Amino acid sequence: MPTSRRTFAVAAVAAVAALVLPLSACGSGGDGGGSTDASGKVEGDITFQTWNLRANFKPYFEDLIADFEKKYPGTEVKWVDQPGEGYADKISADAAGGTLPDVVNVSPDLVAPLAKAGLALDLDKAAGQYEKEYLEGAWASHRIPGMEGTYAFPWYLNTGPLFYNKSLFEKAGLDPEQPPKTYDEVFDAALKIADKTGGDTATLANVPTIEDFGRYGVPLMNKEGTAFTFNDAKGVQLLTRYKELYEAKALDSQALTATPESSGKKFLTGAVAMNPGSALDLANFKKQAPNLYKNIGITDQITSTGHVNMYVMGLMVNAQSQRKPAAVAFAHFVTDAAHQMSFAKQVAIFPSTAGSLDDPYFTKEDGTDETRVRVAAAKSLKDAVNYTPVLFSEQMKTELRNEVAKALQGKQSPEEALDNAVKACDRLLQQQG
């Protein structure tokens, strides 16, 4: 099941557009010819850019900045916040124009082209002493295949549970206390629900994404990061099963054009039996669909690998910053254990710092559904995987989605669809280099 970015982004970040830097900006990576030395006095003015966070978290960031400026007299942090929509385009324009802020909120797919263009500071060289403070997988999440180095401090993590409607399971003769755990189990349950309801109730509302192929156990890229491989036999098998669901109306008829919002509404009205979400959705269910809330089941993401998918956000330091000591110090300050913990208590996200997920806040139940979701998610994050390849751009996601749609509609076979998707994504990959 696709887990939307909605369950990860703190303030309903819209899906990012492709970030394509002008070819003239492409470099050999590293720091663009500048120094990676971030030692020296922490002083001066820097600019800090976030991604759609001001509306909900203005007091948090204002206090954070004030604390930093107090700790380092002589510094001043200018905070700018960009809307979710068009964020990648804004970064691309700033990169091309030489106006990137000193510290930039990024996801791994956004940092990749910046690192390739020599605009992201290599933290292994500039701030390697901090690596041990973070979860190993989180620090590694902003590494780029084919390049040496780490190009952003890991910030907050997220993963989401899967919600399911117990009454719909019960009506179909399925045990509502034993939800499916693997893809094969969910496919079997979905066909039963569709059969029992005469095709009126779908179980899934979204077509498979690259994360689904990863969670199904499909190898997504070669080890060198030079070609995609999700068109192997296992990938074809997954898409073939989805086609079977689509034809049986076990996959919603509008899945080809679904958005996280439209899928959420279908689940809210009982038209769909399962949907990914976050702890934030529970309050919404309670308010808007009390009958659904009474029958809500909460389970882990579906995975056939034993590892759920995680999302990760980071803070990149501009390699061309004139205030590298201050920029690195601030990025580390925002992402240290204490500040990540305080942020996590304000919103449903998880720290990327080592040991933080062992805090009682993430391990002790208090009888509420919200805590149950938080504790389960924190536990799953310890060995979660960021399945989306760092080099898999939004353009590539669109190519995959378009080919998947053709397969589901019977316009081409699942094998042909994935072969075409891989060819298109490999072509885009070569253009990135």
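A salt bridge here is a side-chain nitrogen of Lys or Arg within 4 Å of a carboxyl oxygen of Asp or Glu. By this rule the count comes to 14 salt bridges. The model is a predicted one, in which local features need pLDDT of at least 70 and side-chain atom pairs count only at pLDDT 80 or more, while totals for chains, interfaces and linings use all residues. Residues are numbered from 1 along each chain as its sequence is written, and side-chain values use heavy atoms, with hydrogens and water left out.

**Stop 1: helix α9**

Select residues 233-247, helix α9; helices (H or I, at least four residues) and strands (E, at least two) are DSSP runs, numbered from the N terminus. Show the side chains of glutamate 244 and arginine 241, which form a salt bridge at 3.0 Å, N to O. Both residues lie in α9, 3 residues apart, about one turn of the helix.

**Stop 2: α9 against α18**

Axes are lines fitted to C-alpha atoms, for helices over the stretch in contact, and angles run from 0 to 180 degrees between N-to-C directions. In the contact (heavy atoms within 4.5 Å), Gly235, Val236, Leu239, Thr240 and Lys243 of α9 meet Pro414, Glu415, Ala417 and Leu418 of α18.

**Stop 3: the sheet**

Next, display the open sheet of 6 strands, ordered β2-β1-β3-β8-β4-β9 with mixed pairing; two strands pair if DSSP finds at least two bridges between them. At the edges stand β2 (75-82) and β9 (350-351), each with a single partner strand, so one side of each has no neighbour in the sheet. Now pick β4 (residues 153-158) and β8 (residues 311-317), which pair in the antiparallel sense over 4 bridges. Leucine 157 stands opposite valine 312 in β8. Helix α14 (residues 337-344) packs on the sheet and touches β4 and β9, its direction making about 25 degrees with that of β4.

**Stop 4: α13 against α14**

Which residues of α13 meet α14? Phe333, Val334 and Thr335 do, and their partners in α14 are Ala337, His339 and Gln340.
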